[in-house]
Amino acid sequence: MSLEDFLDDDFIKIGLDCVNQDQLFQTLYQEAYSKGYVSKQFLEKIKEREDSFPTGLSINNYNVAIPHTDPEYVFKQFIAITTLKRPIPFQLMDDRSKKVNVKIVILLGLNEPHDQLNVLQQLIQMIQDEKKIEQIASSTSVKEIRHLFIQ
């Protein structure tokens with residue numbers, strides 16, 4: 001499956017103004033829950049997983065986070081792509097003692113193990129492309145971000 005199969009324009013947010021991770025996760029959860037994509041426990045579980053297994057990545061000049069949780073809390077698979085108005089600190093995936101200010105958050109709502117590995121491989125390849133991640137960070141429309149994810 002391609003990344004496009006998991007995209008829904010309602011889950012692409014540009015310049016979202018959140019003051020911290022809690023507000024970010026609450027906002028994304030509300031959207032997914034109201035559409036029936038996730039269970040009530042999803043919000044609590046995404047926070048717990050982020051505390052135990054941080055998802056901040058520092059790649060070139062951009063910091064990205066890819067939060068996700070266990071498949072049983074996801075009813076319908078999705079990828080939520082968010083660019084933030086102000087960066088939010090996330091702990092680094094490979095060094096929990098350090099934080100990075102994240103501007104792009106890619107929340108994964110996946111419930112099939114084989115899809116998760118495939119999606120993660122595609123995302124890592126994409127975010128390692130400095131030009132593409134720069135374009136995502138500076139995008140001003142949902143259509144533009146969608147196009148960048150399906151190229």
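**View 1. Helices H4 and H5 of the predicted model cross in a left-handed manner.** Helix H4 spans residues 130-138 and helix H5 spans residues 142-150. Their axes come within 9 Å and cross at roughly 160 degrees; H4 and H5 are therefore roughly antiparallel to each other. On the H4 side, the contact is formed by Lys132, Gln135 and Ile136, which meet Glu144, Ile145, Leu148 and Phe149 of H5. Sorted by class, this contact comprises 4 nonpolar, 1 polar and 2 charged residues.

**View 2. Helices H1 and H2 form a right-handed crossing.** The axes of the two helices come within 10 Å, with a crossing angle of roughly 140 degrees. From H1, the residues Gln21, Asp22, Phe25, Gln26 and Tyr29 take part, and they meet Phe42, Leu43, Ile46, Lys47 and Glu50 of H2. The classes represented in the contact of H1 with H2 are 5 nonpolar, 2 polar and 3 charged residues.

**View 3. The largest nonpolar core contains 26 residues.** Leu24, Val38, Phe42, Phe78, Phe90 and Leu107 have the most contacts inside this core. At least two core residues come from each of strand E1 (7-16), helix H1 (21-34), helix H2 (42-52), strand E4 (78-91) and strand E5 (99-109). Another core, of 24 residues, lies apart from the largest one and has Leu3, Ile12, Ile127 and Ile145 among its members. In soluble globular proteins, nonpolar side chains tend to be buried together.

**View 4. Phenylalanine 90 and its surroundings are shown, with residues up to four places away in sequence not counted.** Phenylalanine 90 touches Gln21, Leu24 and Phe25, together with Glu50, Thr55, Gly56 and Ala65. Further contacts of phenylalanine 90 are with Lys98, Lys99, Val100, Val102 and Val105.

View 5. Serine 34 lies 50 residues from leucine 84 in sequence and 22 Å from it in space, C-alpha to C-alpha.

View 6. Leucine 16 counts as buried because its relative accessibility is 17%, the cut-off for buried residues being under 20%.

**View 7. Serine 2 and lysine 143 are shown with their accessibility.** Serine 2 is located in the segment before E1 and is partly exposed, with a relative accessible area of 32%. Serine 2 and lysine 40 are 38 residues apart in sequence and, C-alpha to C-alpha, 27 Å apart in space. Lysine 143 belongs to helix H5 and is exposed, with a relative accessible area of 70%. Lysine 143 and aspartate 9 are 134 residues apart in sequence, while their C-alpha atoms are 8.0 Å apart in space.

Conventions: Residues numbered from 1 in each chain as written. Predicted model: local features only at pLDDT ≥ 70, side-chain atom pairs only at ≥ 80, totals over all residues. Heavy atoms only, no water. Axes fitted to C-alpha atoms, helices over the stretch in contact; angles between N-to-C directions. Helix = DSSP H or I, 4+ residues; strand = E, 2+ residues; numbered from the N terminus. Parallel < 35°, antiparallel > 145°, perpendicular 65-115°, else oblique. Left-handed = near helix turned anticlockwise from the far one by under 90°. Contact = heavy atoms within 4.5 Å. Nonpolar A, V, L, I, M, F, W, Y, C, P; charged D, E, K, R; others polar. Core = buried A, V, L, I, M, F, W, Y, C linked by side-chain atoms within 4.5 Å. Buried < 20%, exposed > 50% of the residue type's maximum accessible area, 1.4 Å probe, protein only.
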